[in-house]
Amino acid sequence: MSVRKAIGFIFIGVFLISCNEDFNPYGDYVEKYAFTCILKSNENFQTATLFKSYRPDGYDPYTYTTDPSIVGADIRVWYNDTVFVFSDSSVTREDTSRYKTPFSFYYNNKFFVGNRKTIELEVLLPNGKRLRSNSLTPGQITFDNNSEVIIPPIGKNIVQVIWKTLDEGTFFLPKLAIRYEQKINGEVVYKEKDIPTRYVTQGNELTPVYPVPNASITVVYQMNAVIKALQEISASDPNKNNYAVFQNLLFSCIAFDQPSSRYLSSTGGNVDDLTVSVDVADYSNIEGGFGLFGSYSQKKYTRLRFLQDYIESFGYNFIVED
Amino acid sequence: MRFPSTNLILFLFLSIIISFNYALGQQPGNIRGFVTDSTNGEALTFCNVYLKEVNTGASTNERGLYLIKSVPSGKEYELTVSYVGYKTKTLKVFVEPDVVTQVDVALIPLSVELQTIEKVGEKIVRENSTDISLERISVKELEILPKGVETDIFRNLQFIPGVSTTGDVTAKYYVRGGSGDQNLILLNGVEIYNPFHSLGLFSVIDPEMINSIEFYKGGFASEYSGRVSSVMDVISKDGNKNRFGFKGGLSLLTAKGLIEGPIPNGSFMITGRMSYNNDVLKKFFNEQTVPIDFYDISYKLNYSSADIFENAKFSIFGFLSNDNVDYNNPLREQFKWNNNLFGFEWLQVYDIPLYSRLGISLSTFEGEVIPNLSSLKPRYNNIKDFTINFDMNVVYDNRDEIGLGLKLKTIDSKFNQVNYVGIKSDLENFAGNLSLYGKYKFLQWKNFGLDAGTRFNITGLSGNGGGTFEPRVSLTYRFIPSIAFKAAWGIYLQELITVTDESEIISIFDPWIIIPDYLNPERSIHYIAGFNFDFIRGIQFSIEGYYKILQDIAVVNDQKFTRYDPDLLAGTGESYGLEFLFNYSIDPFNITTSYALSWAYKEVDGWLYYPKYDARHTANILLEFNLGDGWIASSVWNFSSGYPFTQIIGFYDKYFFNTNSLNGLSSGEFQPYTYLGDKNIGRLPTYHRLDLSLIKRLSINLVNIELGISAINVYDRKNIFYFNRDTGEIVNMLPFLLTGTLKVEL
């Protein structure tokens, strides 16, 4: 065979290998388990979920329609030298487009968590596998005296609330709401209206921006956001007299423990459209599985009040509180 | 000081050698001069200058300067200067004792066909040159290769064994297991911090402005500092010293022009390039429209007059590049990057065999992500690098050389970002690195060469960088005329790094920072050895093996979830491999084939994994063929075994906080989430691609025209770029694509 023929065959070979090879992004499957439980300080109904992992036939996980919930697990939480055992239950699923079965969960309604307490978890699955975790509930937060007390503030167009904590690396979720009553068909109904920190213009519309969990120990509300929230209470109702606003606003701040803060941080990401990231960070404090075992505490700030004249300038009644 | 014993030995060695040479110095004659292109006065780098009678010679350096030492005096010699693509010139030279005879030579270019078909950048005459892992690339080589969308020096590095990329969609390159920010890129000796346009698709260095490129894959000498993997040293053109000229070019993406010409006692050159149509970029971005605009401008002004300084050359040069991604939509983010570089250079050749270079430069990089009303967070990076360096080279009568240098670099860095949960990072730093180097080149034996030296960092940019040595040795031993053994060893430090997430295969923002004080400077140790074979004229073959250790490499902490977690973690790395390069160059053919067998590993936080650019086998075949009458055809076939990727094991339903209602877990708060396997344990299918190119060169009156057509991925191989886990989509690299270029020269 001449050299030319050999070269010719090589080129033909190169063209023939242009066919595509099969590509399988999957590795060997090993079943793992996801446990989620965030204990609360403000109520004693604690819930938890337990799922197993799954692999769909293709690459779209939404095509997998078999409920991955695991029932019959033994879930125990140690708190204040007491063991709390969770029971399993289920409720009607809100969205049945994927799983048709009721939504399974575990609960215990006999405890709520305090500040800076150790919590421990052990889950014994029906197949004999165990998941473990532990955490420390968040510390107490205290509100700073420089926080605003009157709305509208004097000489400012912002309302700022500041708090302190001894914890490091924890996230907070503040919430400010107007408490008011509305007469509907002669009946007085209690309502709350959340106040966004600000509004931004998107196209021709104003979109509210609410606080998200973050590490900041202060929150600032623009006064025009407060004004707009007050206006929205009765936006479609010309009869402002139907509304009565309470003197005290509702400000609460949720403090997450460290694992919950890390979990929030890991799930809050979004990169730009152009960056292509092939791996994703996944935080979990569950030994031997995925998910989260954490807690949060909630503290209310009660000094923030509306001035009567101010509320009445909107045409609303004013409910004085002590 | 980390290596007292090694450095002590090196310093003692240098001291002894220096003393030895002072004692034995003799007084023969010397010949030196500059070799230039007769048509435009551009320096011709790496060309051969040969004295037949004494069978010795030299090659020109990157500025076109050569020096032949220790020529027996009182005789007349035939000095032959040759360079591929130019007519060989022979001159009679009389050498007087203890005098440096200046012989400047202007070579006449040969016909178009010959220039294009032969490989430019001949081997150096010196048989004992210490040049392991060094590749010299000429622009004429770049011109012949299939261009793709745009001629690009970085993309053409991929043909060199030991250099890898992660795909067609990026010009970012990785050398012998090192990460992307470990490659030093110099333009006229000044660092360029963001050398990429369009999210890494192309390099900012327009080939039109280049005179020569030296690329070290490792084992580089003491004069280079600041990076631990490789060095690319680009020297720009001086501009035509004889007449005014203009070049214009057009591709599917850019339009560009070059103006050059003489000025009193010097020359100037200005090039500019700008994008005018980014439709073709859709092929790179999976059919997404990305509104990228970019431009770059380069200029250089040279002045040389004996009235001011004899044998001195002054240059002022600059470089600007700017990229902008603007959707013209207040709801969308905006991205901006720019490099600005300004430099002054004073080259001085003295009457004694000594030459020096003084460089003063300012190089800045600014990158910004402006979120507007999108959900992105602002990011900003600014680097200001002010550098003064002085290098000096003394050549002894016995051909040995001493190199000494001093460098002062100040870095003003600013990096601000807010991550997606609102945690701010503000890293601002101003620091200075004062370093010096000394080296001795033992070249007095024709079959043996040694370059031994060390850098010493008096102060470091980072808290742990001061008082450190970087010793380096490179040697060549030609035990028979056709076979040379070459080896190198060295320690390299790096204190400026990019905060680049390894999992990003296209990254929009690679901010530079000074390595924080809680980490040590990155450090590498290179061990390289190989053979060069030169049995038959026109055939060259080389084998190189390397082993590289990387220590304290800074890796972005992907488990940083709070502001108290460190931004960076210290990792280690290791890479080793064998590289083969074969070249057959006899008119009208040029065939270059290369193959690399390599392994690369990284270890971070106890996890050992393959970095994303680790390919076990890579091979390239480049064929060039001169069809005559101005037609040149070429083809390139690239092959790479699969790159690593992280496999999917399955999915699980993950809880996402509903911040409006934290009262309990409900079904709506769970979404499928990928359950991944061990990092980069899987391998993508093999990559291969064939590109073809056809160039026609013609002259009409005084106008030279070059028309080029390239076919990318001729057999439309579906090379996988990545797998989108969110959509299940397999995203491929470039499909079959036809592109064209036009170049006009007046």
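This is a short tour of a predicted model, stop by stop, through chain A and then chain B.

Residues are numbered from 1 along each chain as its sequence is written, and chains are lettered from A, with ligands numbered from 1, in the order in which they are written. Because the model is predicted, local features need pLDDT of at least 70 and side-chain atom pairs count only at pLDDT 80 or more, while totals for chains, interfaces and linings use all residues.

**Chain A, overview**

Start with chain A as a whole. It holds 4 helices and 21 strands. These are DSSP runs numbered from the N terminus: helices are H or I with at least four residues, strands are E with at least two. Buried residues make up 32% of its 322 residues. Buried here stands for 20 or more other C-beta atoms within 10 Å of a residue's own; exposed stands for 12 or fewer, partly exposed for in between, with C-beta atoms placed from the backbone.

Colour the two domains next. Domain 1 covers 33-137, and domain 2 covers 142-256 + 300-319. The bounds come from an automatic or database domain assignment. The C-alpha centres of domain 1 and domain 2 of chain A lie 34 Å apart.

Select 223-233 of chain A, helix α2. Its buried residues are A225(A), V226(A) and L230(A). They cover an arc of only 135 degrees around the axis, so they sit on the same side of α2(A). The arc is taken from the directions from the helix axis to the C-beta atoms. What do the buried residues of α2(A) pack against? The partners in chain A are β9 (150-151), β10 (158-164), β11 (172-184), β13 (198-202) and β15 (218-222).

Now show the open sheet β8-β10-β15 of chain A, whose 3 strands pair antiparallel. A pair needs at least two DSSP bridges between the strands. β8 (142-143) and β15 of chain A are the edge strands; each has a single partner strand, so one side of each lacks a neighbour in the sheet. β8(A) and β10(A) run antiparallel and are joined by 2 bridges. Pick T142(A): opposite stands K164(A) in β10(A). α2(A) packs on this sheet, touching β10 and β15 of chain A, and its direction makes about 60 degrees with that of β15(A). Axes are lines fitted to C-alpha atoms, for helices over the stretch in contact; angles run from 0 to 180 degrees between N-to-C directions.

**An open strand and an enclosed helix**

Move to 205-209 of chain A, strand β14. Of its 5 residues, the number buried is 0, so β14 lies largely in the open. β13(A) and β14(A) pair antiparallel over 5 bridges; T201(A) has L206(A) as its bridge partner in β14(A). The two strands form a hairpin with 2 residues between them, and G203(A) in the turn has a positive phi of about 65 degrees.

Then select 258-267 of chain A, helix α3. Here 10 of the 10 residues are buried, so α3 is largely enclosed by the rest of the structure. Cover for α3(A) includes β1 (33-40), β7 (130-136), β17 (250-256) and β19 (290-301) of chain A.

**Cores**

Go to chain B and show L157(B), L187(B), I213(B), M232(B) and V234(B). Within the largest nonpolar core, of 85 residues, these touch the most other members. A nonpolar core is a set of buried Ala, Val, Leu, Ile, Met, Phe, Trp, Tyr and Cys residues joined through C-beta atoms within 7 Å. Strand β35 (residues 539-556) of chain B gives the largest share of this core, 5 residues. A second, separate core of 68 residues includes F86(A), Y180(A), L230(A) and Y263(A).

**Chain B strands**

Show the open sheet β3-β2-β5-β6 of chain B, with 4 strands in antiparallel pairing. β3 (56-59) and β6 (89-95) of chain B stand at the edges. Neighbouring strands of this sheet are turned by 25 degrees against each other on average, direction ignored. β2 (residues 48-51) of chain B pairs with β3(B) over 4 bridges, and Y50(B) has G57(B) as its bridge partner.

Finish at 648-655 of chain B, strand β42. Is β42 enclosed or in the open? 8 of its 8 residues are buried, so β42 is largely enclosed by the rest of the structure. 7 bridges join β42(B) to the antiparallel strand β43 (residues 670-676) of chain B. K654(B) stands opposite Q671(B) in β43(B).

Technical notes: Two residues are in contact if their C-beta atoms, placed from the backbone, lie within 7 Å.
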